[in-house]
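Have the viewer open while you read.

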There are 2 protein chains.
Amino acid sequence: MAQVYRINTQDDNHCAQKCEQCDVRHIAMCAAVEFSHLGVLERIVSHTLYAPRQSIFEEGEEADYVYNVSRGNIRLYKLLADGRRQITGFLRPGDFLGLAARGTYSYGAEAIDNAELCCMRAGDLELLMTTMPAVRDRLLDMSRDELTAAQEQMLLLGRKSAREKVLSFLLLLVTHTEGADGRKRTTLELPMSRTDIGDYLGLTIETVSRTFSLLRKEGLIDLPLASQVVIPNLEKLVDAAPTR
Amino acid sequence: MAQVYRINTQDDNHCAQKCEQCDVRHIAMCAAVEFSHLGVLERIVSHTLYAPRQSIFEEGEEADYVYNVSRGNIRLYKLLADGRRQITGFLRPGDFLGLAARGTYSYGAEAIDNAELCCMRAGDLELLMTTMPAVRDRLLDMSRDELTAAQEQMLLLGRKSAREKVLSFLLLLVTHTEGADGRKRTTLELPMSRTDIGDYLGLTIETVSRTFSLLRKEGLIDLPLASQVVIPNLEKLVDAAPTR
DNA sequence: CGAGCTGTTGACATTGCTCAAATTTCGTGG
DNA sequence: CCACGAAATTTGAGCAATGTCAACAGCTCG
């Protein structure tokens with residue numbers, strides 16, 4: 001169902017001049033690679049396009065490749081045998097995925113919309129880390145940040161109410177949508193479906209939907225489209241969300 | 001309330017010959033340090049004893065130190081402003097704690113029972129990582145494992161029922177209590193209280209207690225003491241737990 | 001324009017929570 | 001060693017939040 005088609009195979013779009021023009025070069029893992037060494041990077045990476053819902057890899061698969069998101073949105077998830085799903089994170093351009101604990105991916109990854117990923121063999125990354133210690137530092141830093149986010153999400157999943165979960169989720173989106181200067185009216189685009197949001201927050205789609213409606217009635221948000229959230233007053237939203 | 005007293009300050013128990021006799025030397029981060037370099041390690045670490053409930057550090061504090069657990073059990077937790085608590089993990093001897101994302105601890109840590117920690121300045125760890133790249137590798141590996149565990153816990157918190165949560169928790173304890181040879185009757189010691197278990201599983205103590213009682217009625221476990229769980233037949237427990 | 005998917009809303013069911021009380025365990029002091 | 005008090009755990013009853021099932025509405029894409 002998910003992997004409809006692979007638009008490009010690894011060898012397409014593999015052109016040597018790309019890295020230095022890459023949109024995410026300064027925020028992705030690649031930021032740890034000096035400009036003069038970009039050639040090394042270019043020789044080992046490939047760009048691939050993914051269609052909406054297309055699988056990037058599945059839980060339990062051999063973790064042969066690691067990826068950087070250069071465009072689009074990705075969901076990471078874990079499944080139970082009966083199909084229950086927990087989305088463990090949403091990734092956006094600049095994010096890294098594929099670091100596996102012991103040889104196999106511990107979660108699945110799918111494109112949410114049209115996405116572009118830059119991938120390299122896990123072995124090449126190992127070599128890169130050996131050659132350029134800064135890359136290892138960077139990855140360790142990124143792992144720490146991911147872990148911090150995971151702990152925050154555990155707090156959300158284990159201890160927050162539906163309303164608090166949705167509020168926290170919206171605030172997370174706001175902080176990731178920089179340019180939002182705090183004071184003024186903000187419009188958030190939700191690339192993911194209600195099902196995704198529910199599976200991320202540990203709720204059903206009905207509860208997510210009802211909670212959005214509730215927040216709309218409270219005047220905290222507006223919903224011109226299902227995929228857009230307007231925040232007329234960010235401060236009110238912040239006050240409503242659970243603190244610390 | 002928590003930090004009643006510090007049994008030893010950093011300088012006590014700081015004796016140069018300890019590392020090579022350390023119980024956890026081969027499972028902790030220190031395993032990445034060659035035997036011949038243990039001297040370097042010994043010069044930068046201190047052992048400290050902690051009493052039950054004693055705080056090791058709190059969320060938001062400056063992350064000046066990192067720690068290895070050499071004895072006892074530790075809980076990591078995050079709090080909401082109104083006191084709701086989510087325990088993000090239990091640590092046992094050999095586990096590492098204190099790696100912070102950006103200068104401050106992203107969670108609090110407390111001793112559950114009488115515990116012994118081996119600590120070093122975060123800066124010294126940085127130096128150690130530079131001098132001995134294997135240490136950095138090891139920490140990256142440990143971070144990956146932690147992240148994998150965190151994702152598994154998100155699945156539990158977001159998508160499992162109370163019964164499934166408790167079953168998964170028991171199985172986790174079993175896998176950590178090696179020596180349990182799968183076939184035979186196993187007794188688990190629970191160093192943590194029902195409150196801790198509840199805060200770890202996203203449940204109330206009452207639900208934890210009721211679920212234990214339920215599993216006892218089902219014959220899956222026995223509870224000679226509140227702090228002991230006997231598993232008469234591990235296979236039955238595994239079958240009862242949610243898969244994948 | 002219509003089919004199909006996604007999202008919303010309503011009615012009802014259920015799980016797990018809250019509050020309360022009984023029971024057991026644990027630590028302390030005699 | 002025993003008694004006592006405090007704390008932790010267990011159990012019960014009722015309730016609230018969220019899930020389930022079902023119908024409806026709105027959007028998207030052919």
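1. First, a cut-off for what follows: a residue counts as buried if 20 or more other C-beta atoms lie within 10 Å of its own, with the C-beta atoms placed from the backbone. Keep in mind, too, that this is a predicted model.

2. With that in hand, look at α5(B), which spans 194–201. Of the 8 residues of α5(B), 6 are buried, so this helix is largely enclosed by the rest of the structure. The buried ones are Asp196(B), Ile197(B), Gly198(B), Asp199(B), Tyr200(B) and Leu201(B). What do they pack against? Their partners belong to chain B: β4 (74–79), β5 (85–91), α4 (162–176) and α6.

3. On the α5(B) side the contact uses Arg194(B), Thr195(B), Ile197(B), Gly198(B) and Leu201(B), and α6(B) answers with Ile205(B), Thr207(B), Val208(B) and Ser209(B). By class, the residues of this contact between α5(B) and α6(B) come out as 4 nonpolar, 4 polar and 1 charged. Ile197(B), Gly198(B) and Leu201(B) are in this contact and also on the buried list.

4. Now the protein–protein interface. Here 33 residues of chain B are in contact with 33 residues of chain A. Which elements of chain B give two or more residues to that side? They are β4, β5 and α3 of chain B, and α3(B) gives the most, with 18 residues. The side of chain B that touches chain A has 15 nonpolar, 10 polar and 8 charged residues.

5. Helix α4 of chain A and helix α3 of chain B, both covering residues 133–159 in their own chains, pack at about 25° with axes 9 Å apart. At that angle, α4(A) and α3(B) are therefore roughly parallel to each other. The crossing of α4(A) past α3(B) is left-handed. Their contact residues split into 14 nonpolar, 8 polar and 6 charged.

6. DNA strand C next. It is surrounded by 20 residues, and the closest are Ser209(A), Ser213(A), Ser161(B), Ala162(B) and Thr207(B). The elements giving two or more residues to this surface are α6 (194–201) and α7 (205–217) of chain A, along with α6 (205–217) of chain B. α7(A) gives the most, with 6 residues. The class count for the surface near DNA strand C is 8 nonpolar, 8 polar and 4 charged.

7. At least two residues each come from α7 of chain A and from α5 and α6 of chain B. α6(B) gives the most to this surface, with 6 residues. By class, the surface near DNA strand D has 6 nonpolar, 7 polar and 4 charged residues.

Methods:
Residues are numbered from 1 along each chain as its sequence is written. Chains are lettered from A and ligands numbered from 1 in the order in which they are written. This is a predicted model: local features need pLDDT of at least 70, side-chain atom pairs count only at pLDDT 80 or more; totals for chains, interfaces and linings use all residues. Axes are lines fitted to C-alpha atoms, for helices over the stretch in contact, and angles run from 0 to 180 degrees between N-to-C directions. Helices (H or I, at least four residues) and strands (E, at least two) are DSSP runs, numbered from the N terminus. Angles under 35 degrees count as roughly parallel, over 145 as roughly antiparallel, 65 to 115 as roughly perpendicular and the rest as oblique. A crossing is left-handed if the near helix is turned anticlockwise from the far one by less than a right angle, and right-handed if clockwise. Ala, Val, Leu, Ile, Met, Phe, Trp, Tyr, Cys and Pro count as nonpolar, Asp, Glu, Lys and Arg as charged, and the others, Gly among them, as polar. A residue is near a molecule or strand if its C-beta atom, placed from the backbone, lies within 6 Å of it. A residue is buried if 20 or more other C-beta atoms lie within 10 Å of its own, exposed if 12 or fewer, and partly exposed in between; C-beta atoms are placed from the backbone. Two residues are in contact if their C-beta atoms, placed from the backbone, lie within 7 Å.
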